[in-house]
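Welcome! Please take a moment with the sequence and the 3D view before reading on. The report below walks through the main features, one at a time.

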Amino acid sequence: MAKECPVCGDKIIGRVDKKFCSDYCRNAFNNQLNKDSKNLVRNINNRLRKNYRILEALNPNNKTKTTRTKLIAKGFDFQHFTSIYTTKAGTIYYFVYDQGYLPLENEFYALVKRNS
Ligand SMILES: [Zn+2]
């Protein structure tokens, strides 16, 4: 029951714990992993940056209200934020860096800026 190299499919000859047929395939595999994780980080950073710009543009005076429709129209992505702040009363603010938003009733959102 010889294992197969996950990169090229060749049979792996040698130690039982060997995972690749050759140094070449091991390096190719690890380079691909690094590339994927770099892309993942880059994509999420881009989304966060976009979210930040949207919040900043909609909230020039550090406190305002907006609607879900407006946020979505600008391409806001509710899955990406950097931190959550829960008040003593249990209200949850979502932050993208120092720009925060709080879901209100009827699809309204309060926008706030955290004092630094
Ligand atoms: Zn191989």
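## Before we start

A residue is called buried when its relative accessible area is under 20%, exposed when it is over 50%, and partly exposed in between. Keep in mind as you read that this is a predicted model.

## The zinc site

Let us begin with the metal. Which residues coordinate the zinc ion? C5, C8, C21 and C25 do, each through its SG atom, at 2.2 to 2.4 Å. The angles among these 4 donor atoms run from 106 to 116°, and the site is tetrahedral. Along the chain, the donor residues follow the spacing C-x2-C-x12-C-x3-C. C5 belongs to the segment before α1 (23-58), while C25 sits in helix α1 itself, so this pair ties together parts that are 20 residues apart in sequence.

Are these two cysteines buried or exposed? C5 is buried, at a relative accessible area of 3%, and C25 is buried too, at 5%. As for disulfides, the structure holds 0 of them.

## The sheet as a whole

Now look for the strands. There are 5 of them in an open sheet, in the order β1-β5-β4-β3-β2, with antiparallel pairing. The edges are taken by β1 and β2 (83-86), each with a single partner strand, so one side of each has no neighbour in the sheet. On average, neighbouring strands of this sheet are turned by 30° against each other, direction ignored.

Strand β1 covers residues 63-67, and T66 is found in it. T66 counts as buried, at 3% relative accessibility. Which residues does T66 touch, leaving aside those up to four places away in sequence? They are L58, L71, E107, F108, Y109 and L111.

T66 and N27 are 39 residues apart along the chain, and their C-alpha atoms are separated by 50 Å.

## Strand β4 and its two partners

Strand β4 (residues 99-103) pairs with a strand on either side in the sheet order, β5 and β3.

How many of the 5 residues of β4 are buried? The count is 4, so β4 is largely enclosed by the rest of the structure.

As background, most residues other than glycine have a negative phi. In the hairpin of β3 and β4, with 2 residues between the strands, Y97 takes a positive phi near 60°. In the hairpin of β4 and β5, with 4 residues between the strands, N106 has a positive phi near 55°.

Where do these residues lie, and how open are they? Y97 is in the loop between β3 and β4 and is partly exposed, with a relative accessible area of 42%. N106 is in the loop between β4 and β5 (108-113) and is exposed, at 66%.

Y97 also has contacts with other parts of the chain. Not counting residues up to four places away in sequence, Y97 touches L48, Y52, T82 and R114. Although Y97 and L48 are 49 residues apart along the chain, their C-alpha atoms are separated by 8.7 Å.

Methods:
Residues are numbered from 1 along each chain as its sequence is written. This is a predicted model: local features need pLDDT of at least 70, side-chain atom pairs count only at pLDDT 80 or more; totals for chains, interfaces and linings use all residues. Side-chain values use heavy atoms; hydrogens and water are left out. Donors are N, O and S atoms within 2.8 Å of the metal (3.2 Å for Na, K and Ca); water is not among the atoms, so sites may look incomplete. Four donors count as tetrahedral if all angles lie between 85 and 135 degrees; four count as square planar and six as octahedral if opposite donors are over 155 degrees apart and all others between 65 and 115; anything else is irregular. Buried means under 20% relative accessible area, exposed over 50%, partly exposed in between (1.4 Å probe, protein chains only). A disulfide is a pair of cysteine sulfur atoms within 2.5 Å. Contact means heavy atoms within 4.5 Å. Two strands pair if DSSP finds at least two bridges between them. Axes are lines fitted to C-alpha atoms, for helices over the stretch in contact, and angles run from 0 to 180 degrees between N-to-C directions.
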